[in-house]
Amino acid sequence: MRKYLLLIFAVAASLLLCLGTPASHAGPKLLRLGADQWPPYEFFVNGKLFGISADVTRSVLRNMGKDISKVEKVPWKRGLELLEWGDLDVLVSGVRTAGRERKLIYPSEPILTASWRIFTRSDSRIREDIDLKGARVGVVLGYQYPEGYLDNLKRRARVQQVSSDETNIRKLANQRLDAIIADNDNALWILKRLRLQEDIHPVGEAIGTRHVYPLFSRETVSVEFVEEFSRELKRFKQTDAYADILKRYSH
């Protein structure tokens, strides 16, 4: 009888150990990753994904022993839908909003901090007076600008909304706008590609900053897995490999 009791105890202890070890920490072995065109954070060249957020996310997942089974190029809004439905595991990359946080999982550690800047032409009077009162200012529809900034801007400037930063930059170069509000690194990247970096520049200080994160699906990835990702990301940001990625895409 004693032998049977010991056997039962051993089996029960093993089961408790298995239950006590969160299997969800392991997460899916192969992850499906989605990304849009938003250089230098994420962009495709000949079907291959590059960018700061893309390289950092893949490096952290690799350090966790995870592989990417699929990389899909998707428009941002479509990517959010696929993530919510569980048809993607990770979306690279976005900013934190209350609405998204109810549907998706954010790591506590951001990949980096990005800044909003005012850009204008080299010959513009706005380079000396950046109040923007009465100016024609371009913004992108759907972007998460600093809280309250867009409302205040609309009260003193003539705000025009378009679908992309590149459209705004072209309109600015053609003098159809006086200034634009844009992500600093993204705008510098586009200006270099369009060979307009000598004609258009950021002015003044940053008007706001926000953290950039990878987003995870609540349908396929556990909170524990994302917490583990956060810890590994925080560690990775202290390495030379992280510094090399930032340098690789700097202007």
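## Pockets and cores

Val95, Arg96, Thr97, Trp116, Gln144, Tyr145, Pro146, Glu147, Thr209, Arg210, His211 and Tyr213 line the second largest pocket. A pocket here is an open set of points on a 1 Å grid over the protein atoms alone, where a 1.4 Å probe fits, with protein on both sides within 12 Å along at least five of seven lines; lining residues have an atom within 4 Å of a point. This is a predicted model, where local features need pLDDT of at least 70 and side-chain atom pairs pLDDT 80 or more, while totals for chains, interfaces and linings use all residues. Residues are numbered from 1 along each chain as its sequence is written, and side-chain values use heavy atoms, with hydrogens and water left out.

Back to that second largest pocket: its volume is about 180 Å³, counted as the space filled by probe spheres set on the points. Strand 11 (residues 200-217) gives the most to its lining, four residues.

Now look at the largest pocket, with about 740 Å³ of space. It has 28 lining residues, and Asp36, Trp38, Trp76, Val140 and Tyr143 are the closest to its centre.

What about the inside? The largest nonpolar core has 32 residues, and Ile52, Val56, Val60, Leu112, Phe216, Phe225 and Phe229 have the most contacts inside it. Such a core is a set of buried Ala, Val, Leu, Ile, Met, Phe, Trp, Tyr and Cys residues joined through side-chain atoms within 4.5 Å, and buried means under 20% relative accessible area with a 1.4 Å probe, protein chains only. Apart from this core lies another, of 16 residues, including Ile118 and Tyr149.

Methods
Helix = DSSP H or I, 4+ residues; strand = E, 2+ residues; numbered from the N terminus. Buried < 20%, exposed > 50% of the residue type's maximum accessible area, 1.4 Å probe, protein only.
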